[in-house]
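Hi there,

Here is the structure I promised to pass on to you. Please have it open while you read, as my notes follow it.

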Amino acid sequence: MTITRRKFLGWIGGAAAGSATIAGTLAHGASNKEFKGYPNSFGVLHDITKCIGCRKCEQACNEINTMPAPEKPFDDLSILEKERRTTSTAHTVVNKFISSVPNSSNNVEQNKNINGDASGNSIALYVKKQCNHCLEPACASACFVKAFKKDKTGAVTYDASLCVGCRYCMVACSFNIPTYEYDEPLTPRVMKCTLCLPLIQEGKLPACVQICPREALIFGERTELIKQARMRIQKHPDKYVDHIYGEHEMGGTSWLYLSPVSFSEVGMREDLGTNSAPELTAGALSAVPIVVGLWPVLLTGVYAISKRKEKIAQEELEQALAAARDEAEEITAQKLAELKKKMTKEKETAVKTEVKKVLDEAAKREKAAQEAKADASAEEEK
Amino acid sequence: MGLQDTIKNRLSNNELIKNSLMKSNLINNPLINKIEWTPLNIITAIILFVGFILTIARFFGGLGTVTNLDDNNPWGLWIGFDLLCGVALAAGGYVTSSACYIFGLKRYHSAVRPAILTAFLGYALVVFALNYDVGRPWRLPYPIFYSPGTSSLLFEVGLCVFLYLNVLFIEFTPAAFEWLGLKKIRNFVVGLTMLLTIFGVVLSTLHQSSLGALFLIAPSKLHPLWYSGYLPVYFFISSMFAGMSMVIFEGSLAHKYLHHKMDETHLSESDGVVLGFSKAASFVMMGYLGIKLIGLSIDNNWHHLFTSWGLWFLFELIGFVALPAFIYAVAAREKNVKLARVASILGVLGIILNRLNISLVAFNWQLPLDQRYFPSWMEIAISVFVVTIGIVAYRLITAYMPILYEHPDYKHGDDSNNKHGHQED
């Protein structure tokens, strides 16, 4: 095959067009554009020091989402003894943690008073768990059908009508929040907290915030909540660790947390880093246009080189063959010439000898004739 | 004299046709005429039957009835083995065809068709198995045709696997066309070989690597020894020797069970293929070890090597990459085909171990033991079922179509056809 210029350019053109379309749609993932969240989007501030583990929020959540009633009623607090995660029928759960190193004696007193179950030097802390509604959600970034979206209100929404059920969102979520209806054969959905988006759109509070009896949950604009949280830390440096969980974790979340002890002690990972999920995958996505752009050119080049090598090898082979043939011909010609020479020589000598023979014979005959003549003349004289 | 010659010719022609028909098993097909109830076939039948029952259970009872998946472990054996291992082990298609057609290593020509067939079946089964794993399989076209989520690496995987499956299908069709006697269209498709091969390499590079990149989004879940920014590179590079190992391994199986299907060319070239691929695989494995070490150094993960996870990591890397690399090298130097086959088994197992480590073993490593995932027997049975379908399909196709031998009508004609086809376009 020969690569014509037109064909080569055609391939390059195709590759470039391919990379352009892919780059065009993925450029956002690969750019260094930073998304700081929608302005005025809402969030919830969860002050762990104020939570008493009454599970009222769980109940409200269950009711507003018309979930099936749990096995044990919501006022059964014994369930708190075992750490739980969100499930497809519980978008939020409250967990109890015993912290052995309280931040201050002040704190212990308060908890003793409120909860009455702190013993010795340890205190019980209650932490509510639900979707954190990331500013740049891993689930939305991972979803290959755009079933997840970050709403302008701050809620991360899920559209079951698009979902294929690959569950990559569950792999992607660092907080282990999305759950799946594994027992649903035909219409399984990913289930998670919606931030009660329908209520927010009606101007109401999310159900859990609404019901919280201790103001452990505050709803408001995220920027305002951060200010509020900072103020609390400043006012009571002995009561809180100097960290607002969710301000920067995984690129920032709409839910924010204040805690009296380090967050890892209350089951929240502090090693997640501040990179949002899209930043983690941007590099790999940006390699796409490089591969699409470079590979065809390189491979066509390699092909052309190997093809050319083959051609040259073929030519060289032919040349070598021709040379060998020429040489052989020459040798034959030489041999022939020699043979000819020899033959001619032989012929010549043969002719010579023959001629000589004839001549000799002629001479002999002449001699004989002469002798005969002489004899005859001698006889005549007689 | 003249009449006798023509009769003789006719007779030998008939013989030839008969032979070729025998080869393509149109006349004497054991699979069609009667199924021999050998132990192997009985086991196959049992596996297929169990798979069929479990398929019903899966689609009428939901994922929960057959799998051990839960909210913490959304991906199990069907992703770890069927998808990740399936795609990696089907890499022989792009490796062999690019070696032969792009890099001009013509002596691998007889290895291309079996490799393309394996790759095509592999990818087809990956997609087939995905239907079991995703919640609503009838929506699998959504990401490509309805609502593409282009920021997702899974989208890249999906699009490339979809396109590559089509490429492999087209690359496979000449064998089918030869079998069906459709000469014109067969020659047209053969003319596309170069274009398809290059497209195949581009797509393979993209999706082999992005299968690794899938896990980039979860640094908090994957053990640091396996998590690396190089994951896409690791997956791509390892797919190369996975493909080569699989070509060698599959070749040894084919020699054992399908020897009678192979023609002179295939038999005379096969040792060269094994040794050539051994050498190449050895080099690539050494390179892979190198970039693994660079990855370790860049993230400064050396201290993890002295934990039990580190032992497991070294077990994978030394036992299933360094060791086969060494055996491959020795095999290539001593021209020892048997040794190369031993190495290929290690190579294939190594890829399976690596992919399972990343997707299952080292994934969610921080969860307490009682929350970790282990596949149910039904998940394993479905995976075995899927592999069995692949083997049955391979046996059927090689029984009918010119895969392990050249079709008599196209013998030696392949190259001239190639040239002809290329000059046309």
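Chain B has 17 helices and 0 strands, where helices (H or I, at least four residues) and strands (E, at least two) are DSSP runs numbered from the N terminus. This is a predicted model, in which local features need pLDDT of at least 70, side-chain atom pairs count only at pLDDT 80 or more, and totals for chains, interfaces and linings use all residues. Residues are numbered from 1 along each chain as its sequence is written, while chains are lettered from A and ligands numbered from 1 in the order in which they are written.

Of the 425 residues in chain B, 46% are buried. Here a residue is buried if 20 or more other C-beta atoms, placed from the backbone, lie within 10 Å of its own, exposed if 12 or fewer, and partly exposed in between. Among contacts in chain B with a separation of 6 or more, 80% join residues 24 or more positions apart; two residues are in contact if their C-beta atoms, placed from the backbone, lie within 7 Å.

Because 20 of the 25 residues are buried, α7(B) is largely enclosed by the rest of the structure. B:L121 lies in this helix and is buried, with 23 other C-beta atoms within 10 Å. Leaving aside residues up to four places away in sequence, B:L121 touches B:G390, B:A393 and B:Y394.

B:H303 sits in the loop between α13 (264-298) and α14 (308-334) of chain B. With 9 C-beta neighbours inside 10 Å, B:H303 counts as exposed.

How do α6 (residues 92-102) and α12 (residues 231-257) of chain B cross? Their axes come within 7 Å and cross at roughly 85°, so the two helices are roughly perpendicular to each other. Axes are lines fitted to C-alpha atoms, for helices over the stretch in contact, with angles from 0 to 180 degrees between N-to-C directions; under 35 degrees counts as roughly parallel, over 145 as roughly antiparallel, 65 to 115 as roughly perpendicular and the rest as oblique. α6(B) brings B:G92, B:V95 and B:T96 to the contact, and α12(B) brings B:M240, B:G243, B:M244, B:M246 and B:V247.

Now for the two chains together. In all, 49 residues of chain B are in contact with 56 residues of chain A. On the chain B side, the largest share, 8 residues, comes from α11(B). That side divides into 26 nonpolar, 18 polar and 5 charged residues, with Ala, Val, Leu, Ile, Met, Phe, Trp, Tyr, Cys and Pro counted as nonpolar, Asp, Glu, Lys and Arg as charged, and the others, Gly among them, as polar.

Finally, some notes on chain A. Its mean pLDDT (the predictor's confidence in each residue, from 0 to 100) is 83, and 85% of its residues reach 70 or more. Over residues 12-31 of chain A the pLDDT is below 50, although this stretch has 30 contacts in the model beyond near neighbours in sequence. Residues 103-118 of chain A also stay under 50. Where pLDDT is low, the predicted coordinates should not be read in detail.

Best wishes
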